[in-house]
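Welcome! Here is a short briefing to read with the structure open beside you. Take a moment to turn the model around before you start.

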Amino acid sequence: KDNKYEILQTLKYHTDSVYKIIELKNKSLVSCSYDKSIIFYNKDNNNKYIQNYKLNTKGYCCSVIEIKDNEICYSESSNTIYFYDLLQKKEISKINNINTNGYTLEGFTMISKELLLIPGINKISIININEYELIRIIDVSNSEEIAGICMLNENILLSGDKNGIIRQWKIEEDNLSLISKKESAHNNFIYFLINIGDGHIASGSFDKSIIIW
């Protein structure tokens, strides 16, 4: 506030690196960590976040996303993705052998109300979240690990990979078709792509640069 930053609260429930934190539609928070846990937070009577409950995962957890009201999807190191009901606090379903890159931070992306996109190594997987089913795998040659993902608009998806390439995809029902690609957008792994509006994006890379496009 007024260009002044004040720490309001520090949460130290995790015992290892925190990879992602999201706010759910109900305004509660969820964080996932290398310590093999997902922690859920609510606000107490003093408007402070406290741990509501903790979900122990079988492997380190790098990605979590809310896919429906009171339902999340998360990944772990075994290349298995899980669907979890927040009200019943139980696993609904899971899909094994999904080709993820293991350290995907922002990669889980909803491209429609029914379709979840998961980037991986030389592949992009598309999941139907209503059927909890892998419906398509798209081969992306010369991509190695894909991490940075963002929606440019409701029809266009952008991806960035380990080789510093940005690709532009058109979303067509349950498929992606490649429109174009920018070679050597960065000199190293593109970790993040962010839509900053007005047809512009920002890309962040292991090469220590942020580029506005």
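How many bridges join strand E11 to E12, and do the two strands run parallel or antiparallel? Six bridges join them, and the strands run antiparallel. Keep in mind that this is a predicted model.

**Overall build**

- The protein has 213 residues and a radius of gyration of 18 Å, which agrees with the value near 17 Å that a compact globule of this length would have.
- Along the principal axes, the C-alpha atoms fill a box of roughly 50 × 45 × 30 Å.
- Buried residues account for 46% of the 213 residues.
- Take the contacts between residues at least 6 apart in sequence: 34% of them join residues at least 24 apart.

**The sheet from E9 to E12**

- Four strands make an open sheet here, in the order E9-E10-E11-E12, and their pairing is antiparallel.
- Strand E9 (109–110) and strand E12 (133–139) are at the edges with a single partner strand each, so one side of each has no neighbour in the sheet.
- Strand E11 covers residues 123–128, and Ile-127 stands opposite Leu-134 in E12.
- Ile-138 also belongs to strand E12, and it counts as buried because its relative accessibility is 10%, below the 20% cut-off.
- Beyond its neighbours within four places in sequence, Ile-138 contacts Asn-122, Lys-123, Ile-124, Ile-126, Trp-169, Asn-175 and Leu-176.
- Ile-138 and Asn-122 are 16 residues apart along the chain, and their C-alpha atoms are separated by 8.5 Å.

**The sheet from E5 to E8**

- Another open sheet has four strands in the order E5-E6-E7-E8, again with antiparallel pairing.
- Its edge strands, strand E5 (64–68) and strand E8 (90–95), each pair on one side only.
- From one strand to the next, the twist averages 30 degrees.
- E5 and E6 run antiparallel and are joined by four bridges.
- Glu-66 stands opposite Ile-72 in E6.

**The nonpolar core**

- In soluble globular proteins, nonpolar side chains tend to be buried together.
- The largest nonpolar core in this model has 15 residues, and those with the most contacts inside it are Ile-38, Phe-40, Ile-72, Tyr-74 and Tyr-84.
- At least two residues of this core come from each of strand E2 (29–33), strand E3 (37–43), strand E4 (49–56), strand E6 (71–75) and strand E7 (81–85).
- Which residues does Phe-40 touch, if those up to four places away in sequence are not counted? They are Leu-29, Val-30, Ile-50, Gln-51, Asn-52, Tyr-53, Leu-55, Ile-72, Tyr-84 and Leu-86.

**The hairpin of E13 and E14**

- E13 and E14 form a hairpin, with four residues between them.
- Strand E13 (residues 146–151) and strand E14 (residues 156–161) pair in the antiparallel sense over five bridges.
- In this pairing, the bridge partner of Ile-146 is Asp-161 in E14.
- Five of the six residues of strand E13 are buried, so the strand is largely enclosed by the rest of the structure.

- Ser-143 lies in the loop between E12 and E13. Is Ser-143 buried or exposed? With a relative accessibility of 0%, it counts as buried.
- Setting aside neighbours within four places in sequence, Ser-143 is in contact with Asn-122, Asp-161, Lys-162, Asn-163 and Arg-167.
- The C-alpha atoms of Ser-143 and Ile-121 are separated by 7.2 Å, and these residues are 22 apart along the chain.
- Lys-36, in the loop between E2 and E3, has a phi near 65 degrees, a positive value in a residue other than glycine. Its 42% relative accessibility makes Lys-36 partly exposed.
- Ser-184, in the loop between strand E16 (175–182) and strand E17 (190–197), has a positive phi too, near 55 degrees. At 57% relative accessibility, Ser-184 counts as exposed.

Conventions. Residues are numbered from 1 along each chain as its sequence is written. This is a predicted model: local features need pLDDT of at least 70, side-chain atom pairs count only at pLDDT 80 or more; totals for chains, interfaces and linings use all residues. Side-chain values use heavy atoms; hydrogens and water are left out. A nonpolar core is a set of buried Ala, Val, Leu, Ile, Met, Phe, Trp, Tyr and Cys residues joined through side-chain atoms within 4.5 Å. Buried means under 20% relative accessible area, exposed over 50%, partly exposed in between (1.4 Å probe, protein chains only). Contact means heavy atoms within 4.5 Å. Two strands pair if DSSP finds at least two bridges between them. Axes are lines fitted to C-alpha atoms, for helices over the stretch in contact, and angles run from 0 to 180 degrees between N-to-C directions. The radius of gyration is taken over C-alpha atoms; the globule rule is 2.2 Å times the number of residues to the power 0.38.
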